[in-house]
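Hi,

Here is the structure we talked about handing over. Please open it alongside this email, and then read on for what turned up.

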Amino acid sequence: MLGTVRYLRALSAVRAGDDARAAVEMASLAEDYPALKDRCLTHAGMALEDLGKFDAAAKMFSAVSEDSKLYVDARLALGRVLRKKKDYDGAMAALAPLANRPAPLFGRNVGAEALMAVADIAAEKKDKVHEREALWRLWSLYPLSPLTKQADRRLKGIKPPVEAQVARAEQLIELHRNKQ
């Protein structure tokens with residue numbers, strides 16, 4: 001009962017935008033209330049990010065377990081926080097596990113989001129090779145994603161590598177397989 005009251009109090013701080021209180025209470029709850037650990041870590045990380053405490057936020061996001069429903073959001077946030085710290089290599093490494101996820105038949109396309117974030121980080125880093133590599137992977141592995149249109153615009157005028165063309169064709173064939 002006491003844990004539920006503490007969680008609701010911390011959640012009200014999150015909803016009210018009281019980042020300082022939310023960060024402290026959610027971080028404390030993450031240690032004391034294992035049933036909501038990943039949720040508390042994610043909320044604490046977001047509050048710390050809003051406060052500009054990027055090192056502490058990265059620590060919270062990194063602690064979210066891989067089998068958690070919030071892992072994807074925590075990983076994307078970790079990449080964002082590390083990017084704000086100008087730790088571009090760390091940000092790309094944080095996004096790598098998401099960039100290798102298969103394309104879903106419907107819903108959120110996490111792999112495409114991660115690859116676009118990697119391309120954005122590489123562009124900010126002025127690393128054209130890695131930027132194009134991420135955009136070609138996005139273009140070829142997630143052809144039906146709305147983010148592919150952005151990749152198309154950024155790659156305009158550049159001929160796709162043969163490997164990317166083949167991978168895209170294979171993905172399109174797989175996406176159109178059905179019982180008929």
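**Helix α7 and its partners**

Helix α7 packs against helix α8 (residues 128–141) at an angle of about 160°, and their axes are 8 Å apart. That is over 145°, the cut-off for this class, so α7 is roughly antiparallel to α8. The crossing of these two helices is left-handed. On the α7 side, the contact uses A112, L115, M116, V118, A119, A122 and A123. On the α8 side, H130, E131, A134, L135, R137 and L138 take part. Sorted by class, this contact has 10 nonpolar residues, 1 polar and 2 charged.

A word of caution before going further: this is a predicted model. Every value here is computed from it.

**α7 against α6**

Next comes helix α6, which covers residues 88–99. Its axis comes within 8 Å of the axis of α7 (residues 110–124), and the two cross at roughly 160°. How do α6 and α7 run relative to each other, parallel or antiparallel? They are roughly antiparallel, because angles over 145 degrees are put in that class. The crossing of α6 and α7 is left-handed. From α6, the contact draws on Y88, A91, M92, L95, L98 and A99. From α7, it draws on V110, G111, A114, L115, A117, V118, I121 and E124. By class, 12 of the contact residues are nonpolar, 1 is polar and 1 is charged.

**α7 against α9**

Helix α9 spans residues 147–154. It packs with α7 at an angle of about 30°, and the axes are 10 Å apart. Angles under 35 degrees count as roughly parallel, so α7 and α9 are roughly parallel to each other. Their crossing is left-handed. In α7, the residues involved are A112, E113, M116, A119, D120 and A123. They meet L147, Q150, A151 and R154 of α9. This contact divides into 6 nonpolar, 1 polar and 3 charged residues.

A112 is listed in the contact with α8 and in the contact with α9.

**The largest pocket**

How many residues line the largest pocket? There are 15, and P104, G107, N109, L144 and S145 lie nearest its centre. The volume of this pocket is about 200 Å³. Its lining holds 10 nonpolar residues, 3 polar and 2 charged.

**The chain as a whole**

The protein chain has 10 helices and 0 strands. Along the sequence, the pattern reads α-α-α-α-α-α-α-α-α-α. Along the principal axes, the C-alpha atoms fill a box of roughly 60 × 45 × 25 Å.

Best wishes

Note on methods: Residues are numbered from 1 along each chain as its sequence is written. This is a predicted model: local features need pLDDT of at least 70, side-chain atom pairs count only at pLDDT 80 or more; totals for chains, interfaces and linings use all residues. Side-chain values use heavy atoms; hydrogens and water are left out. On a 1 Å grid over the protein atoms alone, a cavity is a set of points where a 1.4 Å probe fits but cannot get out, and a pocket is an open set with protein on both sides within 12 Å along at least five of seven lines; lining residues have an atom within 4 Å of a point. Grid points are joined across faces, edges and corners, and a volume is the space filled by probe spheres set on the points. Ala, Val, Leu, Ile, Met, Phe, Trp, Tyr, Cys and Pro count as nonpolar, Asp, Glu, Lys and Arg as charged, and the others, Gly among them, as polar. Axes are lines fitted to C-alpha atoms, for helices over the stretch in contact, and angles run from 0 to 180 degrees between N-to-C directions. Helices (H or I, at least four residues) and strands (E, at least two) are DSSP runs, numbered from the N terminus. Angles under 35 degrees count as roughly parallel, over 145 as roughly antiparallel, 65 to 115 as roughly perpendicular and the rest as oblique. A crossing is left-handed if the near helix is turned anticlockwise from the far one by less than a right angle, and right-handed if clockwise. Contact means heavy atoms within 4.5 Å.
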